[in-house]
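Let's take a walk through a protein model, one piece at a time. Keep the picture open beside you as you read.

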Amino acid sequence: MIPLIMAGLAQWAAARRRRGLAAGRAVHFRCRLDGRRGRLLADPRLEGPVFLGRSGNTTAVPRGGEVLDTTVATIGRTTFEKVGLRYRTPDGQVLRLGLATHDARTLDTWLREQSRPALVPARRLPLPVAPLWAILALAASLCTGMAAADVALLGKHTSAEVVRVNRDDDSCTVGWDGGSQRTAVDCDTTRVRSGDRIPIVALPWPFLGEGVDTRTTPDVVAVLVGGLGLLGLGGALVVSPLANARRVRLARRAEPVIPPQTAAGDAKGEDGEDRWPGLEDDLSYANLAAAARHGDRHRPDPQVTPPRRGAGRTSLSPGVWVLSTVLGTGAWYFLLLSLGAILDDQFHLGHWRFLVLGTVGIVSLARIGWFATNRSALCGPVLRAARSGTGEGKWQPMRYVRLRRDPGEMVLVLFRPEGWAIAAPQFLQPISLSRGRGRRTVGGPAPVGEALVCDTGVGPLLCEIDGVRYLPKGRATEVAADTALNHRELRSLAESHLRPAGRS
C-alpha cells in the first residue's frame, strides 16, 4: 500500500514538473550526472540547462543533442525504478544522467529540442514549480477544512447529557436522543458534572453514532487548517523561489566542470571499459567470483544444483513464471487480512472495521491490479526471447557471477567477456528460483561461468547457461546508472560470501 501511494505521488509530481517545463517556469530536477549527485537547473534566468553538483561545480547540458539509449534500473530490493539516460550533446560530448522514470521521459523529449530564446523578456518571471511537500500541505489543509465544513453543515447540533466524567483523559461520556446514542467527547472536567447538558455535534454518515464537542474541536481544526495552509503557501510562494534563486546564484558563481572528451556515441574510457568508481573497493570479477565460490562451500543455506527442467529448457515452467510475475505482490496478505477481520470482528472494532479495513482492502486490490498491469508487459517479450534461437544475433556472450543474499534471492552479476580479473560488473539480473535436482536444493547455475545474454527490450535480461534459460525475476540494473547505490547493493549481496579474516 505504501509503495503504491509513493509511486502515485512521484508520478503526479513528475507530471507537474513536465507542465511547468512546458510553460517556461523554473524546474530543478534531482538527478545524477556521471555518478555525481545534484540538480539539473532548467531555469529561464540561465542561458541553458546547467547541472549543479553538491560540491558546487557546474556542468553545462546544452539542448539539441541526441539521446543514445536509456536503461531501467531497479532501486535496491524494492519495485521503485530510475532510468539511466545517455545523452550526446551537440558538440559530441556523452553524458550519463540518472533520473526518476517519469522525469527521464520528460527530459528525453525536452533535451532533443532546440532551445528557443524568448522574443520579449518577461517583466516578472513566473513562480517556479512548487515542491511536492507544499502541495501536499495545501491539499491536507483543504481536505481538513472540507471535512470540518461537512460536519458543521450536515451534522446534528444538539444538547447531550453528561453520563460520566473521565478525568484521566479529560473527556466526558455523553448521551442524546433519549440516551440511545452515546459517545466520548472532550470537555472541561473541572466544571462539568454528571447530569449537566453540553452542546455537541452528532457526526453525519458514515460516522453515525459519534459526536464532537463545540469547545475544543473547532480550535484544533482551525489550527490544523491554518497551520497546514500557511506551510503550503510558504513553501510555494517563499521557500521554493528563494531556494531556486540561491541555486541560480551558485550556478553563476561556480566553476564549470569540463568532462573528458569521448568519441561520438562512445561512453568508454581509453581502456575500453566503462568508468566505474567502485573499483577502489575491489568489487571486481576476480573478488566477486571468489566470494561466490566460498559462499557455495561454506554457507548453511540449501545448496544450489542444476534445475530439474533439464538442458535445453527454461529453469521454470513458463506458466508458473507468468503467474508468479503477474500476481507476485505482497498486497495479497493485506487483502486477506482485511477480509478476515471484516468477516470476523475478533478485535471488536464495531462499524469502524468497514471503513478502515474496507479502505485497506480497496487499496490492496488497486495495488494488485497495478502490479499485474505493470508486470504483464514483461511476459510477452521474455517468453518470445526464451523460445527464440541463439543464432539470431541478439544473444551476446558475457561472463557471470552468481550471488545470493538468502535462499529466496539469487542474482547474476554480468561482466563483459574482456577485462578478465579486473573487469567491473555491468548488470545485476535477479533470476527466478526453481527446484534443484538434488533433495532440498535450489535450482540455479554454477557460481561462476559464461552465459549467453539476450536483451528483451523491456528491462529484463534473459541468460542461457549450460543450455538452460533462466527466467528473470525482475528488471535488470545497469551498474553505471547509479554507481553509489548499486555499489551498496553489490556489497550487500557479497557480504555474506566474503571470506572471514584469518581463514583460507
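How many bridges join strand β8 to β11? There are six of them, and the two strands, with β8 covering residues 156-166, run antiparallel. Before we go further, keep in mind that this is a predicted model.

You can pick out some of the partners in that pairing yourself. Find Lys156, and you'll see that its bridge partner in β11 is Ala202. Now try Ser159: its partner in β11 is Pro199. Next, look at what β11 does with β12. Those two strands also pair in the antiparallel sense, over three bridges, and Val201 has Val212 in β12 as its bridge partner.

A disulfide is a covalent bond between the sulfur atoms of two cysteines. Which cysteines form one here? They are Cys172 and Cys187, with their sulfur atoms 1.8 Å apart. The link is right-handed, with 70° about the S-S bond. Cys172 lies in strand β9 (residues 171-176) and Cys187 in the loop between β10 (181-186) and β11 (197-202), so the pair ties together parts that are 15 residues apart in sequence. The count for the model comes to one disulfide.

Time for some helices. Two packed helices are described by the angle between their axes and the distance between the axes. Take helix α3 (residues 132-154) and helix α4 (residues 217-253): their axes come within 8 Å and cross at roughly 155°. Angles over 145 degrees count as roughly antiparallel, and α3 and α4 are therefore roughly antiparallel to each other. The crossing of α3 past α4 is left-handed.

Who touches whom? On the α3 side the residues include Trp133, Leu138 and Thr144, while those of α4 include Val221, Leu228 and Val239. Sorted by class, this contact has 14 nonpolar, six polar and no charged residues.

Finally, hop over to another sheet. This one is open too, with three strands in the order β13-β18-β17 and mixed pairing. Here β13 (304-305) and β17 (434-435) stand at the edges with a single partner strand each, so one side of each has no neighbour in the sheet. β17 is joined to β18 (residues 442-443) by two bridges, and these strands run antiparallel. Look for Ser434, and you'll find Gly443 of β18 standing opposite.

Note on methods. Residues are numbered from 1 along each chain as its sequence is written. This is a predicted model: local features need pLDDT of at least 70, side-chain atom pairs count only at pLDDT 80 or more; totals for chains, interfaces and linings use all residues. Side-chain values use heavy atoms; hydrogens and water are left out. Two strands pair if DSSP finds at least two bridges between them. Helices (H or I, at least four residues) and strands (E, at least two) are DSSP runs, numbered from the N terminus. Axes are lines fitted to C-alpha atoms, for helices over the stretch in contact, and angles run from 0 to 180 degrees between N-to-C directions. Angles under 35 degrees count as roughly parallel, over 145 as roughly antiparallel, 65 to 115 as roughly perpendicular and the rest as oblique. A crossing is left-handed if the near helix is turned anticlockwise from the far one by less than a right angle, and right-handed if clockwise. Contact means heavy atoms within 4.5 Å. Ala, Val, Leu, Ile, Met, Phe, Trp, Tyr, Cys and Pro count as nonpolar, Asp, Glu, Lys and Arg as charged, and the others, Gly among them, as polar. A disulfide is a pair of cysteine sulfur atoms within 2.5 Å.
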